[in-house]
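Please look over the sequence and the model below before reading on.

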Amino acid sequence: MRIRAIVKEVKMENGTKESFGSKLGFILAAAGSAVGLGNIWRFPYLAAQYNGAVFVIIYIILALTFGFALMVTEICIGRKTGKSVISAYGNVHKGFSFLGIIATLVPLIIVPYYCVIGGWVCKYFFSFVTGQGTAAAQDGYFSSFTGEWLSPTIFFLIFAILTGLVVMLGVQNGIEKISKILMPVLLVLIIGIAIYVMTLPGAIDGLRYYLVPDFRGYTFKQFIDTVVAAMGQMFYSLSLAMGIMVTYGAYMRKEDHVEKSVLQIEFFDSLVAVLAGLIIVPAVIIFSGEEALGAGPSLMFVTLPKVFQSMPGGQIIGTAFFLMVILAALTSSISLMEVVVAVVMEKLNMKRLPACLITFGAIIILGMLSVFGYSIWDTFTIIGYQFLDFFDFISNNVMMPILALLTCILIGWVVRTESVEQEVLVSVDRFKTRKLYKVMTMIICPIFMIIILLNSFIKF
Ligand code: PHE
């Protein structure tokens, strides 16, 4: 998406709004922002941690119901108002303009730690490209890397500077074009690696864990925890409840079908996530045993080098894989940073360069907290979380549910769902999933959000 041009246009707000040149352009841009570390790094470790298949099934159900309703809502708010996120909610209803501020705070919290993880991916790319893939596959490689502060800081800075430079120079166009070509390459690589993992001895146990739900000894508390984790993941992975889809919606053409586009974005995003899990979850069981399933954020980094080490040509495949992941992560971090920069420009009435520098400064400070939290300050915790995990928790399990709940109340009860229905009907004769949409937005989603928020607040 020509984000820079878009920001300019949003700023002008004079009715001469540009839009995507084609239907595919919108879907690819939105999917490009959605597919990122959430799919490849976050989904597999959560699936491994929360009972494999149970998590996968709950995730898919949530994405098709709640995720669907929320994405339709956000895209319609964007398309109807034609405004950037900070003004769009206020445009729907004056009393809800503060939602724009919450929506911008979320990317501000996510993008710094996103850059830290992006830095980890750069480190592994660097290891593979310099022929150290075997070393990277050894136990302890990841923890000794993140356990010291200098090297993770350097790689974090590399990734953050790459993101910042693209946003500052406004060359998103080029990056997104490259990434559109390379996304299919990533998909082919993932499918190829998944097939390879399936041929390894012991893969069947991993597959069973990942695809066949096992409720033996499953408690209600575990179920709630799994739903909460799947819900947070759904927001994160589909780029929901943070204003991104509102911004994209503002540039969707009136003739494009909202329902169909949402389904296509969801399908592509979930496909990449489920396939990444299909590699990582069985591989954990094969190479490290079931006890390693709960490893958390380190899971992909500990597991994938072992897979590459065991396969013929693994050094080259590993190098290509990590490079593709860097690109996928970059397009996501760029669109996250762009939201923040756009708001700083609009609200503080600043030019692009100073707005970028301020945002970049905030990213560096918050990102360093995450780096230090895993190394020299690893004994320091907030409500039991290290910095990085705390930022992840506060955004996915607190702020996004709050935003989602208030959006549902705004659309479901204040301005009523008809306003969104009308926007969907601009391009089609029938809103096929209208009933589902209505029930989700008015009743089921708000109840879910309240349960999730209560569950999160218990932690404080
Ligand atoms: N959805 C992206 C991912 O899965 C993260 C992201 C969120 C990117 C919001 C942009 C905006 O990695």
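Leaving aside its neighbours within four places in sequence, which residues is Gln 132 in contact with? They are Ser 127, Tyr 141 and Gln 315, where contact means heavy atoms within 4.5 Å. This is a predicted model, in which local features need pLDDT of at least 70 and side-chain atom pairs count only at pLDDT 80 or more, whereas totals for chains, interfaces and linings use all residues. Residues are numbered from 1 along each chain as its sequence is written, and side-chain values use heavy atoms, with hydrogens and water left out.

Gln 132 is placed in the loop between H6 and helix H7 (133-136); helices are DSSP runs of H or I with at least four residues, numbered from the N terminus. Its side chain makes a polar contact with the side chain of Thr 130 at 2.9 Å, a polar contact being a pair of N or O atoms within 3.5 Å, of which, within protein, one must be able to donate a hydrogen and the other to accept it, and residues adjacent in sequence count only if both atoms are side-chain atoms. Gln 132 counts as partly exposed because its relative accessibility is 36%, given that buried means under 20% relative accessible area, exposed over 50%, and partly exposed in between (1.4 Å probe, protein chains only).

Ser 151, in helix H9 (residues 150-169), is buried, because its relative accessible area is 14%. Beyond its neighbours within four places in sequence, Ser 151 is in contact with Lys 123 and Phe 145. Helix H5 (residues 85-92) is mostly covered, with six of its eight residues buried, among them Val 85, Ile 86 and Tyr 89. The buried residues of H5 pack against helix H4 (53-81), helix H6 (98-129), helix H13 (244-250), helix H16 (314-347) and H18.

Turning to the ligand, 15 residues surround it, and the closest are Ala 34, Gly 38, Tyr 114, Tyr 236 and Ser 237; a residue counts here if one of its heavy atoms lies within 4 Å. A backbone N or O atom of Ala 34 lies 2.9 Å from a nitrogen atom of the ligand, while a backbone N or O atom of Leu 37 lies 3.0 Å from one of the ligand's oxygen atoms. Asn 39 places a polar side-chain atom 3.2 Å from an oxygen atom of the ligand.

Conventions. Helices (H or I, at least four residues) and strands (E, at least two) are DSSP runs, numbered from the N terminus.
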